Amino acid sequence: MNSSMEGAGSAYNAVDVLDRLRSLLADLESGDTDKRLPNERELALRLGVTRARLRKSLQVLEEEGRLWRGVGRGTFIGPKPTERPDAALLASKTNPVQVMRARMAIEPELAGLAAVNATDDEIAQLKELSRRCKFASNWREYEVYDALLHHEIAVSAHNTILLALTDLLPQVRRSVTWRRPRPEGVRPPELHHSFVEHDNIIDAISHREPIKAANAMRRHLQTVEDRLVGRD
């Protein structure tokens, strides 16, 4: 069996094998069939090449982004899909300060972009969420509106990649024990620091001042971190 396969494989050089594989991929891509390739043994027999030569050709196509291989899963057409980070796993390996450092790296940039890209309707939504933070009936309600406000700023930046990154952070934050206990039925005080800080961010966004918006967000997050670690 091996000698016959080697004989068959010698009939094709590396370029021939790649061309045959590319032709097969093109046929599969244009159809409605499963985008997973046959296993190596079946594919080698189908193409009339040795498995060793087949693997080398598959590696070339994987490097080109034409296919990807998963251990125990098979070989699939197209580039390898991006795997979404596991928020619970990240939370188990981090702490509240690291979460705040990540927010500091991302959210000021988002605020600056929002000052450039936010629509009038999005700015109106930011102002409404700020108002709801101020009139929240308890801390839990405040935290909901606060999270929505920061998310809406990220949306208003109109940057899909940064939005995806910042959407991961709340999931990690919920899994990390870091909040100080809040008394039930008590609302935030009227002079809570975030009220003015939120307004400063939104004011800079509404006046289309990206540097001022980024700095205002950075100061706000610094205050949150200071209170988190007891520097207040």
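**Helix α11 and beyond**

Colleague: What end-to-end span should helix α11 have, and what does the model give?

Modeller: This is a predicted model. Helix α11 covers residues 210–228, and its 19 residues at 1.5 Å a residue should span 27 Å. The end C-alpha atoms are 27 Å apart, so the two agree.

Colleague: Which residues of α11 are buried?

Modeller: Ala213, Ala214, Ala216, Met217, His220, Leu221, Thr223 and Glu225.

Colleague: And what covers them?

Modeller: The cover includes α6 (96–117), α8 (139–156) and α10 (193–206).

Colleague: What happens just after α11?

Modeller: Gly230 sits there with a positive phi of about 85 degrees.

Colleague: OK, the core. How many residues are in the largest nonpolar one, and which have the most contacts inside it?

Modeller: The largest nonpolar core has 25 residues, and Ile153, Ile201 and Ile205 have the most contacts inside it. Two or more residues come from each of α6, α7 (120–134), α8, α10 and α11.

Colleague: What does Ile205 touch?

Modeller: Leaving out residues up to four places away in sequence, Ile205 touches Ala111, Ala114, Ala115, Ala118, Ile123, Leu126, Ile153 and Ala213. There is also a second, separate core of 16 residues, with Val17, Leu25, Val49 and Leu58 among them.

Colleague: Switching to helix α3, which residues are buried there?

Modeller: Leu43, Ala44 and Leu47 are buried in α3, which runs over residues 40–47. Looking down the axis of α3, these buried residues fall within an arc of 100 degrees, so they line one face of the helix.

Colleague: What is exposed on the other side of α3?

Modeller: Arg41 and Arg46 are exposed there.

Colleague: And what about the two ends of that helix?

Modeller: At the start of α3, a side-chain oxygen of Asn39 comes to within 3.2 Å of the backbone nitrogen of Arg41. After α3 comes Gly48, with a positive phi near 70 degrees.

Colleague: Glycines I expect. Which residue other than glycine has a positive phi?

Modeller: His158 is one, with phi near 60 degrees. His158 is in the loop between α8 and α9 (160–175). Arg208 is another that is not a glycine, with a positive phi of about 60 degrees, and Arg208 lies in the loop between α10 and α11.

Colleague: Zooming out, how many helices and strands does the protein chain have?

Modeller: There are 11 helices and 2 strands. From the N terminus, the order is α-α-α-α-β-β-α-α-α-α-α-α-α. Of the 232 residues, 38% count as buried.

Colleague: What share of the contacts joins residues at least 24 apart?

Modeller: That share is 73%, among contacts between residues at least 6 apart in sequence.

Colleague: Last topic, confidence. What does the chain average?

Modeller: The average pLDDT is 82, and 81% of the residues score at least 70. Among the elements, α10 has the highest mean pLDDT at 97, while helix α1 (residues 2–9) has the lowest at 42. Over residues 1–11 the pLDDT is below 50, and that stretch has 12 contacts in the model beyond near neighbours in sequence.

Technical notes
Residues are numbered from 1 along each chain as its sequence is written. This is a predicted model: local features need pLDDT of at least 70, side-chain atom pairs count only at pLDDT 80 or more; totals for chains, interfaces and linings use all residues. Side-chain values use heavy atoms; hydrogens and water are left out. Helices (H or I, at least four residues) and strands (E, at least two) are DSSP runs, numbered from the N terminus. The expected span of a helix is 1.5 Å times one less than its number of residues. Buried means under 20% relative accessible area, exposed over 50%, partly exposed in between (1.4 Å probe, protein chains only). Contact means heavy atoms within 4.5 Å. The arc is that of the directions from the helix axis to the C-beta atoms. A polar contact is a pair of N or O atoms within 3.5 Å; within protein, one must be able to donate a hydrogen and the other to accept it, and residues adjacent in sequence count only if both atoms are side-chain atoms. pLDDT is the predictor's confidence in each residue, from 0 to 100. A nonpolar core is a set of buried Ala, Val, Leu, Ile, Met, Phe, Trp, Tyr and Cys residues joined through side-chain atoms within 4.5 Å.
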